[in-house]
Structure formats: structure tokens, C-alpha cells
Amino acid sequence: MVQRPQPELPHALDVDGYLATLAGSTDNPVARARTLPGAVYSDPAHHERELDAVFRRDWVAIGLDHDVAEPERFLTGFAGTAPVLVTRDESNQLRAFLNVCRHRGAPVAEGCGAARALRCPYHSWVFRLDGSLARATGVGAPDDFDPDAYGLFEIPVTTFARSVFVNLQPDPPAFDPGPLAAVVAPYQLDTLEFGRRDRYEVAFNWKVLVENYSENYHTPSIHTQLPFAGYEYPTLCDGRLVVAWDRPLTPRDESEQALHDHTPLDPGWADVARRQAPESFNNGAYITCFPNMMISMFAGFAATFRLQPTSANTTIVERDYLWHPEIDAERRERDYAATCEVVQQDLDICVALQRTYDAGLSAHGVLSTEHEASIAHIHHLLARSLATTRR
Ligand code: FES
Ligand SMILES: [Fe+2]
């Protein structure tokens with residue numbers, strides 16, 4: 001049997017060198033891009049660098065705005081490994097804090113819900129929703145103890161496309177979704193009501209699903225139930241967003257005509273959600289918001305992904321479903337079933353990829369210049385984040 005020579009690409013041998021070169025490039029052409037070495041998805045030391053460079057420094061999706069839509073509500077989550085609490089206080093102000101009690105550090109809240117104040121479960125110190133310490137139960141008389149100086153540590157918070165984002169840095173640059181954020185407006189996400197939440201504990205690195213979500217190259221192979229023959233899937237990348245959409249080749253109505261004729265940067269894009277597609281999970285627009293939020297938007301229906309890395313090769317995936325109040329139960333059930341089928345297919349292939357990376361193997365591959373510029377873009381964002389913390 002003829003032994004084919006195994007190419008040893010430089011980046012496969014030198015992860016840091018490849019990422020540094022990528023970070024320094026300004027044009028980032030997909031034709032020159034290579035797939036990242038498996039260690040980027042499996043090495044605990046590299047993962048720790050990502051937690052520091054991305055999840056402790058960038059804006060991170062932490063929850064859904066539905067959970068803090070009214071005063072005296074709160075939600076909790078993790079920005080990377082850091083426990084975070086988001087509240088809407090009595091004065092309707094959205095706030096975020098480290099979910100770290102100022103006594104000995106227990107989380108002061110779990111899950112999400114309604115509360116006028118939060119009582120730490122450990123020794124019952126009580127915090128108001130504006131973060132101030134209301135009662136240091138049983139603390140006695142520590143020297144120089146000023147309760148006003150022992151409020152929760154506040155951190156920046158904002159919202160975009162129904163998700164709540166926080167930043168662990170005290171004074172970060174403002175969250176900027178960039179010009180592609182114009183993709184959102186026609187879907188009127190604020191009119192959608194919360195439907196359900198699914199939680200998956202999965203065995204793959206967080207980036208495996210980000211990359212999967214950001215390309216439609218796999219759609220005809222993996223999602224064979226979808227009507228891919230009648231569509232193509234344009235993709236645009238700018239800043240922290242990747243936007244893809246279903247572009248009908250033979251438009252049937254005004255919505256499909258807008259999807260066919262326009263991009264999110266054109267005024268004509270306003271018509272893309274004018275009609276609900278007869279089929280579920282069709283005529284959608286899909287946003288990847290680096291690093292950890294994705295949202296699929298359809299007329300009257302949207303579903304988000306929110307990723308929480310729990311180790312180099314494990315991730316918690318939360319999926320929130322939102323519908324317009326006028327969408328009936330039967331259609332919701334169809335939307336949910338169709339979406340779950342797609343999600344499970346994606347999760348399965350992601351788990352399979354992770355086995356490669358966990359075995360210490362790399363593809364040493366190239367990216368499709370037709371379909372995977374989005375992945376090159378995401379690798380560029382990652383490399384630039386890592387470069388900011390390079391020692
Ligand atoms: S850790 Fe919160 S009251 Fe002790
Ligand atoms: Fe997919």
C-alpha cells in the first residue's frame with residue numbers, strides 16, 4: 001500500500017504561533033485559513049487561556065431578558081467560571097453583580113425568580129436588588145465594619161437580541177454588535193413571549209458548537225430533512241457577529257422575495273419576516289454573537305443558544321424558545337419538534353468531533369472558501385482575544 005505523506009503544517013506544531021499570526025492579520029482570507037489544531041478544543045491549559053482572554057474580558061451572554069423583564073426579578077448564570085447575578089431593581093434598573101456574598105463568598109441566589117431582597121443561604125446576610133447590603137445578620141461588631149461598603153460587586157450589563165450580556169471587567173468598551181445588528185429589527189423580538197427552556201450538558205468544547213452553528217456547509221449532509229435544494233445560505237461577518245440566512249432560490253411571497261433580494265444591510269431587509277413560512281425551521285436568519293450566544297429567528301418564532309464552558313471538553317448549552325403570542329399551540333409544537341431534530345443532529349456531530357480532539361488528533365484541514373469564511377472569522381476573533389493576554 002502506498003503511504004501518503006502526512007503534511008505537517010506549521011500551525012499544527014505551533015498553536016500559539018499560528019494564533020499569533022492570525023491575530024496580527026487584518027484581511028483574514030478564508031483561502032489561507034486552516035482548521036485549528038485539536039488541542040485548541042481539548043487542552044486544559046489552552047482552555048484556561050480562553051477563559052481568561054474571552055470569558056473574563058469580553059461581553060458574555062448570561063441569560064434571557066425575559067427572566068428580568070420586571071422589577072424585583074433576578075437571574076443567575078456563569079460568565080465562564082464566574083458566578084453572576086442579574087437583577088432588575090425596584091426602580092426598574094437592570095444591574096449585574098458577581099454572585100458572591102460579601103461575607104465569605106457563597107452565591108446569594110440560585111436559578112431565577114422574583115424577590116424583594118436576596119438572602120444568602122449560608123449565614124443569612126441580606127442584599128437588596130440594587131446590590132446594597134441590607135442586613136449582616138449576626139455579624140456582631142467587626143472593627144471598622146461599614147455595611148455600606150459591603151454591597152455586592154457590581155459589573156457592567158447590557159442586552160441584545162433578547163439576551164443579557166455581562167462583562168467581568170470594571171470598565172470595558174461598550175458592547176458593540178456592529179452594523180450586522182440590523183438583521184434583528186424585522187423579527188420584532190421584543191414582541192415574542194418566552195415559551196420553554198432546554199438544557200443540555202454536552203461533551204464538547206464550546207467552540208465546536210459555535211463553529212457548527214456558523215456554517216451551513218453541513219446542512220445538506222446532516223439535516224437531510226430540511227428543504228436545502230430550494231435554498232442557498234449567504235453569510236456575512238462583521239465584528240462579533242456572523243449572520244447567515246435562508247435565501248430561497250424561487251421566492252413564493254414577499255418575505256421570500258426580500259430574503260432573496262436583500263442583505264441585512266439593505267433597507268429591503270425590513271420585509272424578510274413579513275410572512276411565516278409554511279414549514280417550521282425555514283426562511284430563518286441566524287446570528288452568531290461571539291463568544292457564546294446564537295439566535296435563530298423566524299417570523300413569530302426565535303430560539304437562542306447560550307453556551308457555558310465547564311471544562312476544555314464539556315459545555316452547558318441552554319436553549320430558549322420564544323413565540324409571538326398569536327402563534328398557536330399546534331404550530332409551536334411543530335416548530336419545537338423541527339428545531340429539536342436539528343439541534344440533536346448538530347449536538348451529535350459536535351460530540352463526534354470532540355472525540356477526535358480528545359484523542360489528541362487534528363484534521364490539519366482547510367476551510368471551504370464557499371461556505372466557511374464565518375469559521376475563519378471566528379478563529380480571527382478568538383486569536384485577537386488571545387493576543388490581548390499573550391504573555
Ligand atoms: S457567606 Fe453569605 S452570609 Fe456567610
Ligand atoms: Fe446544523
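Me: Which residue in E15 is the bridge partner of aspartate 238?
Reply: Leucine 241 is the partner of aspartate 238. Keep in mind that this is a predicted model.

Me: And how do E14 and E15 pair?
Reply: Strand E14 covers residues 235-238, and E15 covers residues 241-245. The two pair in the antiparallel sense over 4 bridges.

Me: What do E14 and E15 form, and how many residues are between them?
Reply: They form a hairpin with 2 residues between the strands. Glycine 239, in the turn, has a positive phi of about 60 degrees.

Me: Which residues are on the covered face of E14?
Reply: Thr235 and Cys237. Leu236 and Asp238 are on the uncovered face. In a regular strand, side chains alternate between the two faces of the sheet.

Me: Different topic. What is the order of strands in the open sheet of 3 strands?
Reply: The order is E6-E7-E8, with antiparallel pairing. E6 (117-119) and E8 (133-135) are the edge strands, each pairing on one side only. Neighbouring strands of this sheet are turned by 35 degrees against each other on average, direction ignored.

Me: How many bridges between E6 and E7?
Reply: 3 bridges, with E7 being residues 126-128. Leucine 118 has phenylalanine 127 in E7 as its bridge partner.

Me: Now the domains. Where are they?
Reply: Domain 1 is 60-166 and domain 2 is 180-384. Their C-alpha centres lie 32 Å apart.

Me: How many residues are in contact?
Reply: 10 residues of domain 1 are in contact with 15 of domain 2. On the domain 1 side, strand E1 (residues 60-64) gives the largest share, 3 residues. That side divides into 6 nonpolar, 3 polar and 1 charged residues.

Notes. Residues are numbered from 1 along each chain as its sequence is written. Chains are lettered from A and ligands numbered from 1 in the order in which they are written. This is a predicted model: local features need pLDDT of at least 70, side-chain atom pairs count only at pLDDT 80 or more; totals for chains, interfaces and linings use all residues. A residue is buried if 20 or more other C-beta atoms lie within 10 Å of its own, exposed if 12 or fewer, and partly exposed in between; C-beta atoms are placed from the backbone. Two strands pair if DSSP finds at least two bridges between them. Axes are lines fitted to C-alpha atoms, for helices over the stretch in contact, and angles run from 0 to 180 degrees between N-to-C directions. Domain bounds come from an automatic or database domain assignment. Two residues are in contact if their C-beta atoms, placed from the backbone, lie within 7 Å. Ala, Val, Leu, Ile, Met, Phe, Trp, Tyr, Cys and Pro count as nonpolar, Asp, Glu, Lys and Arg as charged, and the others, Gly among them, as polar.
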